[in-house]
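Look over the sequence and the model shown below.

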Amino acid sequence: MKMYFSQKVGTDDTTGEDYSPLPLKVSIEKTRQALNDAYAGFDNALEIDLIDSYIYEINSLQKRYKHLTDLAAAEPAPQEESLRKYSPVRALVSHVLG
């Protein structure tokens, strides 16, 4: 008996999934929504194992949310950069002092 195997090479086009990193603001919003969903699931859970799983999920999402917000706080705000770069005070000082 002969057996034939075909090899099919899968590409990202066939799966249709995008693996590019999300912007920080979008990631924070998705984490916040997942946290709200986990809280809603916890409030409606009746079985002990399900309650435990929601507790673990909420704890992990809280840690992820804190990490993302810490990253966002560490990034300089775009408005601050533009103010420093194009500040009228800076232009005046450079004009006066040459």
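Which residues are exposed on the other side of helix 2? They are Lys-25, Lys-30, Asp-43 and Asn-44, where exposed means over 50% relative accessible area, buried under 20%, and partly exposed in between (1.4 Å probe, protein chains only). This is a predicted model, in which local features need pLDDT of at least 70, side-chain atom pairs count only at pLDDT 80 or more, and totals for chains, interfaces and linings use all residues. Residues are numbered from 1 along each chain as its sequence is written, and side-chain values use heavy atoms, with hydrogens and water left out.

**The buried side of helix 2**

- Helices are DSSP runs (H or I, at least four residues), numbered from the N terminus.
- Ser-27, Ile-28, Thr-31, Leu-35, Ala-38 and Gly-41 are the buried residues listed for helix 2.
- These residues lie on the same side of helix 2 because they cover an arc of only 145° around the axis, taken from the directions from the helix axis to the C-beta atoms.
- The buried residues of helix 2 pack against helix 3 (48-74).

**Thr-31**

- Thr-31 counts as buried because its relative accessibility is 3%.
- Beyond its neighbours within four places in sequence, Thr-31 is in contact (heavy atoms within 4.5 Å) with Leu-61, Arg-64, Tyr-65 and Leu-68.

**Salt bridges**

- The count is 2 salt bridges, each a side-chain nitrogen of Lys or Arg within 4 Å of a carboxyl oxygen of Asp or Glu.
- Glu-29 pairs with Arg-32, with the closest N and O atoms 2.9 Å apart.
- Asp-70 and Lys-66 form a salt bridge at 3.1 Å, N to O.

How values were computed. Helix = DSSP H or I, 4+ residues; strand = E, 2+ residues; numbered from the N terminus.
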